[in-house]
Amino acid sequence: MSRGTFGKPFWITLFLVCLLKLLFVVTYPLNVSGDGFTYFRMIATRSSNLAHAGGYPFLVGLPLAFPRAVLAALRGPGSALVEPVEERRPGTAAGVAQGPPKDVEAKQALLPVLTLYVTVANHLMDALAVAALFLLLRAIFSVTAAVLGALVYGLNPWNVQWATLSRPEQVQSNLLVLMVAALYWARQAETPRRKRAGYAAAAALFALCALAKFNAALFVLLPAVALLADPSSWRERARLGAISLATGAAVYGVFVILYHAPSTGTYALAYARGHNLYVRLQRNPLPLFGPENGIASKKFAILSRVLPLETPFCCGPTLFSRVDWVPPDERRPYRERYLPLLRSQDRRMVEQLYAAVRDRPAGEWHSIHYHLGLKEGDDLLSSVFFEAVRSRPAAYLEGAGLLFLEVFTERPEVLVPVLDPALGADPPLNLLADAGKLEAIRLGFIRIATSGYRSRELDYKGSPAIWLPGVRIVTTLLSLTSIPTLLFWAVIGIGVLLSLRGTGADPGAARWGPALLLVSLLVFIAAWSLLFNVRNKDVRLVQPLLDALVAVGLWRIGGGIRRGAAAMSRAWS
C-alpha cells in the first residue's frame with residue numbers, strides 16, 4: 001500500500017507510539033530476571049526447551065541464526081564462550097563437561113549488542129501490532145476509533161514496559177493481534193487467491209502464537225468462527241479450512257523438526273504440563289491436593305519422600321533443556337527401583353507403602369522428573385491433578401470461579417525500576433529511589449552500584465546504564481495511568497452493548513465483532529482459570545484486544561454523548 005493509503009492520522013499515531021518506545025529503549029536495558037533468563041539463553045543459543053515454550057526464541061532469534069554459525073568459530077579452549085560451571089551436567093568431570101549449547105551471552109563483548117537487539121525486536125513487534133490494530137479498527141469502525149485504540153494500547157506504559165523483558169508475553173500478544181487482523185482481511189478479500197493467502201497467513205500467525213505460549217491455543221474459537229461465517233460457498237470454506245490446517249501444520253513441523261527436536265532430543269513440545277496443573281491445585285483458593293484423593297496422589301506422596309530430597313539443577317536452562325540432560329546411568333538405579341511403583345495399579349500395595357513413609361519429609365516435585373524422567377514426572381502430576389478434580393469437584397469449581405473474578409479487579413504489575421514506592425513495585429524494582437545504591441555516569445545515566453540486587457523481578461547482564469530522567473518520566477506516566485481494572489471492564493461492557501445497536505465503516509463487523517471478541521476473551525479467562533490461574537502475564541496476551549474494546553467503548557460513549565447534546569440543542573432552539 002502507498003503512503004497515502006494509511007493517511008496522516010495513522011502516521012501521527014504511530015509516531016507518538018514510537019516516541020514512547022524510544023524513551024523506554026534509551027531508559028531501560030533488557031531485564032532477564034525470572035523465566036527471562038532461560039528465554040534469553042534460548043535466543044542467544046538458538047535452542048528450545050521442555051518447560052518454556054520455544055516459539056518466542058525461535059521467532060526473535062531467527063536473525064541470529066547466521067551470526068551464530070560465524071561465532072561458533074570463536075569457541076574453543078580458553079574461549080569466553082565456555083558454559084558456566086553451574087550449568088554443567090551432573091556426574092561429569094570438569095574437563096569433559098557436556099553442558100547445554102555454548103552460550104553466546106557469555107561473550108562479554110557481544111552482550112550489549114545482544115540485549116539491545118532483543119529489546120528493539122520486542123518494540124518493533126509491538127509497533128507492528130499497533131499499526132495492525134489501527135488499520136483494523138479504522139476498517140471496522142472509524143478513524144477516531146482507530147486513533148483511540150492505537151493510543152490506548154500503544155501509549156499505555158503498563159503495556160510498553162513488557163518490551164523491556166526477555167519474555168514471550170508481549171510478542172505473543174502481538175501475534176494474536178496480527179492473526180485477528182489477517183482473519184478480518186481474509187474474510188473481506190474479494191478474490192479467492194487473496195482470501196486463501198489471508199487465511200493461510202492467519203493460520204501461520206496462530207501457530208506461532210500458540211508456540212510462543214501454549215495458552216493461546218484456547219483462542220481456536222476465533223479462526224473457527226471467522227471461517228464458518230465467511231461468505232464463501234461451503235466448498236470454498238472447506239478448501240480454506242484445509243489450507244489453514246496445512247499451513248499451521250507446516251509451521252508446526254518446521255519449528256519441531258528443524259529447531260525444537262534437535263535441541264531438546266524429543267518431538268514432544270513440553271514436559272511441564274503436569275507441573276502447571278499441579279501448581280493450579282496449589283493456587284486454588286480452597287485446598288485440593290491430598291494423598292487421600294487416589295492412587296496417583298499417593299504415588300506422588302511416596303516418591304517425593306523416598307527420592308533424594310536435594311535435587312540439583314532445576315529447572316529451565318538445565319533439567320528441561322534436553323530430555324536426556326540427566327545421564328542415563330544416574331537415573332538407572334532409581335528407575336529400576338521405582339518405575340514398577342509408578343506403573344502399578346495395586347491400590348493395596350500403594351497404600352501400604354504410603355503408610356510406611358508418610359511421616360518422612362517431602363521433597364520438591366521436580367525430584368521425580370530428575371530421577372525417573374521428564375515424561376514420567378509429567379504424566380504423574382497430570383494424573384494427580386485430574387484425580388484431585390474428580391475427588392473435590394465443588395472446591396475446584398468454586399476456586400475456578402474465584403480466580404475468574406480476580407481478573408476483573410487485579411491490578412497490573414510494575415515490571416521496570418521506578419522511583420515511586422507507592423506504585424507497589426517489589427523491592428528490587430524501587431531501588432533507584434535510594435541514591436546511595438547508584439553510580440552516576442554522565443548525561444543523566446546511572447548504574448546500580450550495589451551487589452546482590454538480582455532477583456526474580458530484576459536482573460541485568462553486566463552493568464548496563466539506566467537513564468534516570470527517563471525513569472522519572474516513566475514513573476510519572478505509570479502513576480497517571482493507574483486506573484482501576486474494573487473501570488476498563490465497565491467501559492468494555494458498555495461498548496459491546498452499544499455496538500449491538502450501532503454502526504460503523506463495516507456495519508456487520510462493527511455490530512457483532514466486539515461481542516464475538518468479548519466472548520472469546522471470557523472463554524479464554526474461564527478456561528485458563530480451570531487449567532491454571534490468570535496472572536498478569538496471561539492478561540498481557542489479550543491486552544491489545546482488551547484495549548481495542550476499551551477504545552470502541554469510549555468511541556460509542558462519545559458518540560452517544562454527542563448525539564444527546566445535539567438533540568438537546570435542537571430541542572432548545
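Is asparagine 122 buried or exposed at 1% relative accessibility? Asparagine 122 counts as buried because its relative accessibility is 1%, where buried denotes under 20% relative accessible area, exposed over 50%, and partly exposed the range in between (1.4 Å probe, protein chains only). The structure is a predicted model, in which local features need pLDDT of at least 70 and side-chain atom pairs count only at pLDDT 80 or more, while totals for chains, interfaces and linings use all residues. Residues are numbered from 1 along each chain as its sequence is written, and side-chain values use heavy atoms, with hydrogens and water left out.

The protein contains 23 helices and three strands; helices (H or I, at least four residues) and strands (E, at least two) are DSSP runs, numbered from the N terminus. For 573 residues, a compact globule would have a radius of gyration near 25 Å, and the 26 Å of the protein agrees with this. The radius is taken over C-alpha atoms, and the globule rule is 2.2 Å times the number of residues to the power 0.38. Along the principal axes, the C-alpha atoms fill a box of roughly 90 × 60 × 50 Å.

Of the 573 residues in the protein, 53% are buried. A contact is defined by heavy atoms within 4.5 Å. Among contacts with a separation of 6 or more, 76% are made by residues 24 or more positions apart. The protein exposes about 25,900 Å², of which carbon and sulfur atoms supply 64%; accessible areas come from the Shrake-Rupley method with a 1.4 Å probe, and for residues only the protein chains shown count as cover. The mean positions of the 58 positive and 38 negative charges lie 9 Å apart. Lys and Arg count as positive and Asp and Glu as negative, with His and the chain ends not counted; each charge is placed at NZ of Lys, CZ of Arg, CG of Asp or CD of Glu.

Confidence was examined through pLDDT, the predictor's confidence in each residue, from 0 to 100. The protein averages a pLDDT of 87, and 90% of the residues score at least 70. Over residues 73-88, pLDDT stays under 50, and the model has 32 contacts beyond four places in sequence for this segment. Where pLDDT is low, the predicted coordinates should not be read in detail.

Helix 6 (residues 111-140) holds asparagine 122. Not counting residues up to four places away in sequence, asparagine 122 touches Leu30, Tyr56, Ala163, Leu165, Gln170, Val171 and Asn174. Tyrosine 117 also lies in helix 6, but is partly exposed, with a relative accessible area of 23%. Beyond its neighbours within four places in sequence, tyrosine 117 is in contact with Val60, Pro63 and Leu64.

Alanine 150 is located in helix 7 (residues 143-154) and counts as buried at 1% relative accessibility. Its contacts, leaving aside neighbours within four places in sequence, are with Thr13, Val17, Val130, Phe134 and Leu155. The C-alpha atoms of alanine 150 and threonine 13 are separated by 7.1 Å, although these residues are 137 residues apart along the chain. Tryptophan 512, in helix 22 (residues 507-531), is exposed, with a relative accessible area of 56%. From tryptophan 512 to glycine 363, 149 residues away in sequence, the C-alpha to C-alpha distance is 52 Å.

Backbone geometry was considered at two loop residues. Most residues other than glycine have a negative phi. Arginine 46, which is not a glycine, has a positive phi of about 55 degrees. This arginine 46 is placed in the loop between helix 3 (35-45) and helix 4 (55-60) and counts as buried at 13% relative accessibility. Leucine 443 likewise has a positive phi, near 55 degrees. Leucine 443 occupies the loop between strand 1 (438-440) and strand 2 (445-448), and is exposed, with a relative accessible area of 69%.
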